[in-house]
Amino acid sequence: MKTVSDPIAFLQQEMAPARRLLLNNDLYHSVKSLADLRRFMEHHVYAVWDFMSLLKALQKELTCVEVPWVPTAGSAMRRLINEIVLEEESDVDQQGQATSHFELFVRAMEECGANTAPIRRLVAAVADGRSIERALEIADAPASAREFVLTTFDIINTGKPHVVAAAFTFGREDLIPDMFRQLVSDLGSRFPGQLDTFTYYLNRHIELDEDVHAPLAQQMVRELCGDAPERWLEAQQVAIRCMEARMALWDGVKLGRPRAALA
């Protein structure tokens with residue numbers, strides 16, 4: 001990678017073509033009915049779920065989650081990751097009650113009539129100690145969602161914190177606000193009373209990820225990559241891989257939709 005004054009800005013520049021393709025995907029404008037939205041949510045929920053494993057992999061690596069506790073290197077890094085965990089795992093819903101963003105998304109699915117049985121089977125299977133591959137089979141997850149999740153866990157299993165942080169930052173936190181803006185613009189007005197939780201979820205993500213989490217996550221990548229060019233190159237490669245995986249997930253949503261709904 002070339003030497004630049006700001007490696008984050010350079011990395012974003014290198015990712016720009018893949019990011020542009022993803023943000024211009026016609027999926028966002030083809031969600032026109034509740035049936036369309038249910039199908040989208042039944043695929044996307046797997047990305048909401050496996051996001052937490054990316055986050056927890058970083059927390060496990062960068063903080064002490066063992067007993068007895070000992071301080072880990074980099075107190076600033078501990079604070080960065082714990083701030084993000086606090087709001088992703090125990091944010092507040094519309095009533096001010098603590099909940100994770102995953103649980104909030106599942107509640108939003110129920111509110112609009114989407115099928116939550118498959119993702120619940122996956123969570124139960126994982127809780128029972130099944131492998132990710134087996135849990136996805138038990139859930140009968142859509143093929144594109146299955147590949148997306150396996151990509152996420154392949155990245156986690158590299159055991160490289162800077163790679164996981166790049167996936168987390170540029171494949172999720174830095175990307176999600178612009179993706180969700182494509183969806184949130186008029187859903188609530190078109191389906192009053194059926195998408196209150198989903199609209200809250202989208203707006204909450206836009207607010208937190210854009211204003212708080214993305215800057216924190218970028219700082220985490222900066223700290224983990226440091227002055228090592230090979231780490232910055234790996235960060236760039238995994239970020240693009242994550243965007244390609246998201247494109248494949250969106251393709252899976254579109255391919256399985258009845259032709260009339262795509263018109």
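Q: Contact means heavy atoms within 4.5 Å, so which residues does C242 touch, not counting those up to four places away in sequence?
A: C242 touches I155, A167 and G171 on that count. This is a predicted model.

Q: Where does C242 lie?
A: C242 is part of helix α12, which covers residues 229–255.

Q: Is C242 buried or exposed?
A: Buried, because its relative accessible area is 11% and the cut-off for buried is under 20%.

Q: At what angle do α8 and α9 pack?
A: The angle is about 140°, and the axes are 8 Å apart. On the α8 side the contact is made by F148, T152, I155 and I156, and on the α9 side by V163, V164, A167 and R172. Sorted by class, that contact has 6 nonpolar residues, 1 polar and 1 charged.

Q: Changing topic. Which residues touch the most other members of the largest nonpolar core?
A: Y46, F198 and M220 do, in a core of 86 residues. Helix α3, residues 34–62, supplies the largest share of this core, with 15 residues.

Q: What does Y46 touch, leaving out residues up to four places away in sequence?
A: The list is P118, I119, L122, L136, A139, A141, P142, A145 and V149.

Q: How do α3 and α11 pack, in terms of angle and axes?
A: They pack at about 35°, and their axes are 14 Å apart; helix α11 spans residues 196–225. Their crossing is left-handed.

Q: Next, R19. Which helix is it in?
A: R19 is in helix α1, residues 7–23.

Q: Buried or exposed, for R19?
A: Buried, because its relative accessibility is 18%, against a cut-off of under 20%.

Q: What does R19 touch, again not counting residues up to four places away?
A: R19 touches D174, L175, D178 and M243.

Q: What about V123, where is its place?
A: V123 is in helix α6, residues 117–127. V123 counts as partly exposed because its relative accessibility is 30%. Its contacts, apart from neighbours within four places in sequence, are W49 and F102.

Q: How far is V123 from A35, C-alpha to C-alpha?
A: The separation is 24 Å, and along the chain the two are 88 residues apart.

Q: And R134, where is its place?
A: R134 is in helix α7. With a relative accessible area of 38%, R134 is partly exposed. R134 and L122 are 8.8 Å apart in space, C-alpha to C-alpha, and 12 residues apart in sequence.

Q: Now backbone details. Which peptide bond is cis?
A: The bond from V67 to P68 is cis, with omega near 0°. P68 lies in the loop between α3 and α4 (75–89).

Q: What is the phi of D140?
A: It is positive, about 55°, although D140 is not a glycine. D140 is found in the loop between α7 (132–139) and α8.

Q: Is D140 buried or exposed?
A: Exposed, because its relative accessible area is 57% and the cut-off for exposed is over 50%.

Q: Last topic. What pLDDT does the chain average?
A: The average is 89, and 94% of the residues score at least 70.

Q: Where does pLDDT stay under 50?
A: Over residues 258–263, for which the model has 5 contacts beyond four places in sequence. Where pLDDT is low, the predicted coordinates should not be read in detail.

Definitions and conventions: Residues are numbered from 1 along each chain as its sequence is written. This is a predicted model: local features need pLDDT of at least 70, side-chain atom pairs count only at pLDDT 80 or more; totals for chains, interfaces and linings use all residues. Side-chain values use heavy atoms; hydrogens and water are left out. A nonpolar core is a set of buried Ala, Val, Leu, Ile, Met, Phe, Trp, Tyr and Cys residues joined through side-chain atoms within 4.5 Å. Buried means under 20% relative accessible area, exposed over 50%, partly exposed in between (1.4 Å probe, protein chains only). Helices (H or I, at least four residues) and strands (E, at least two) are DSSP runs, numbered from the N terminus. Contact means heavy atoms within 4.5 Å. Axes are lines fitted to C-alpha atoms, for helices over the stretch in contact, and angles run from 0 to 180 degrees between N-to-C directions. A crossing is left-handed if the near helix is turned anticlockwise from the far one by less than a right angle, and right-handed if clockwise. pLDDT is the predictor's confidence in each residue, from 0 to 100. Ala, Val, Leu, Ile, Met, Phe, Trp, Tyr, Cys and Pro count as nonpolar, Asp, Glu, Lys and Arg as charged, and the others, Gly among them, as polar.
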